[in-house]
Amino acid sequence: MTTTHIPEHGGKPPAASAKEASASVLQLNLNGQPVSASCSPDTRLLTLLREHWHLTGAKPGCEVGRCGACMVWLNGEPVNACLLMAYQIQGQTVRTIESVAQDSASEPVRDALARCGGVQCGYCTSGMVMSMSWLHQQQPRPTAAEAEAQMCGNLCRCTGYGGIRRAVQELFPAEKSA
Ligand code: FES
Ligand code: FES
């Protein structure tokens with residue numbers, strides 16, 4: 001994001017910083033709307049979402065791609081917004097929890113997490129919903145191993161995972177043996 005410098009007493013404006021000088025215009029589709037931002041190409045998507053577009057559902061956790069608290073969908077695939085930079089998302093399509101949570105398709109996931117006690121402080125919950133909703137919509141009958149593999153990128157520091165596991169098992173019941 002650029003900053004406009006207003007010189008005091010009509011003096012010359014200060015020279016642009018290197019980052020400001022290299023700012024470029026990022027354009028993408030965000031939650032179904034075309035948006036743009038003037039930013040350095042190495043600005044992280046997580047920063048843009050929270051500080052430029054004021055979408056705070058994606059949370060900063062580890063900020064190195066391990067915890068899933070910042071999860072969004074990029075062109076329909078779950079990704080960690082802390083690892084994506086502006087130059088990597090030019091012209092792409094991003095959906096955040098603010099959009100997915102309005103979508104009735106994510107309702108079974110939200111209900112299961114709430115009913116099974118999978119939400120405590122809630123810090124990881126938006127990432128959990130993004131991950132579980134993606135699996136629920138893309139692959140409604142995953143094996144237990146596939147469901148575990150999808151969720152292994154989402155860490156929770158509160159629950160001990162009991163409630164989250166119950167929600168996953170409720171959403172993706174194991175095939176009954178004949
Ligand atoms: Fe992005 Fe942890 S904050 S994966
Ligand atoms: Fe608190 Fe998961 S509910 S981090």
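Reply: Start with Asn31, which lies in the loop between strand S1 (24-30) and S2. Helices (H or I, at least four residues) and strands (E, at least two) are DSSP runs, numbered from the N terminus. This is a predicted model, in which local features need pLDDT of at least 70 and side-chain atom pairs count only at pLDDT 80 or more, while totals for chains, interfaces and linings use all residues. Residues are numbered from 1 along each chain as its sequence is written, and chains are lettered from A and ligands numbered from 1 in the order in which they are written.

Me: Why does Asn31 count as partly exposed?

Reply: A residue is buried if 20 or more other C-beta atoms, placed from the backbone, lie within 10 Å of its own, exposed if 12 or fewer, and partly exposed in between. Asn31 has 17 C-beta neighbours inside 10 Å, so it counts as partly exposed. Asn31 also has a positive phi of about 50 degrees, although it is not a glycine.

Me: What makes Glu63 partly exposed?

Reply: Glu63 has 17 C-beta neighbours inside 10 Å, and therefore counts as partly exposed. Glu63 is found in the loop between H2 and S3, and has a positive phi of about 65 degrees without being a glycine.

Me: Which residues of helix H2 are buried?

Reply: In H2 (residues 45-52) they are Leu45, Leu46, Leu48 and Leu49. S2 is included in what covers them. Just after H2, His54 takes a positive phi of about 60 degrees. Over the protein chain, buried residues make up 35% of the 178 residues.

Me: What makes S2 and S4 the edges of the sheet?

Reply: The open sheet has five strands in the order S2-S1-S5-S3-S4, with mixed pairing. Strand S2 (33-39) and strand S4 (77-80) each have a single partner strand, so one side of each is left without a neighbour in the sheet. From one strand to the next, the twist averages 40 degrees.

Me: How do you know that S3 and S5 pair?

Reply: Two strands pair if DSSP finds at least two bridges between them. Two bridges join strand S3 (residues 71-74) to strand S5 (residues 93-95), and the strands run antiparallel. Trp73 stands opposite Arg95 in S5.

Me: How many bridges does the pairing of S3 and S4 have?

Reply: S3 and S4 pair over four bridges, in the antiparallel sense. Leu74 has Glu77 in S4 as its bridge partner. The two strands form a hairpin with two residues between them, and Asn75 in the turn has a positive phi of about 50 degrees.

Me: Why is H4 called oblique to H5?

Reply: The axes of helix H4 (residues 107-115) and helix H5 (residues 125-138) come within 9 Å and cross at roughly 130 degrees. That makes H4 oblique to H5. Axes are lines fitted to C-alpha atoms, for helices over the stretch in contact, and angles run from 0 to 180 degrees between N-to-C directions. Angles under 35 degrees count as roughly parallel, over 145 as roughly antiparallel, 65 to 115 as roughly perpendicular and the rest as oblique.

Me: Which residues make the contact of H4 with H5?

Reply: They are Pro108, Val109, Arg110 and Leu113 of H4, with Thr125, Met128, Val129, Met132, Ser133 and His136 of H5. Two residues are in contact if their C-beta atoms, placed from the backbone, lie within 7 Å.
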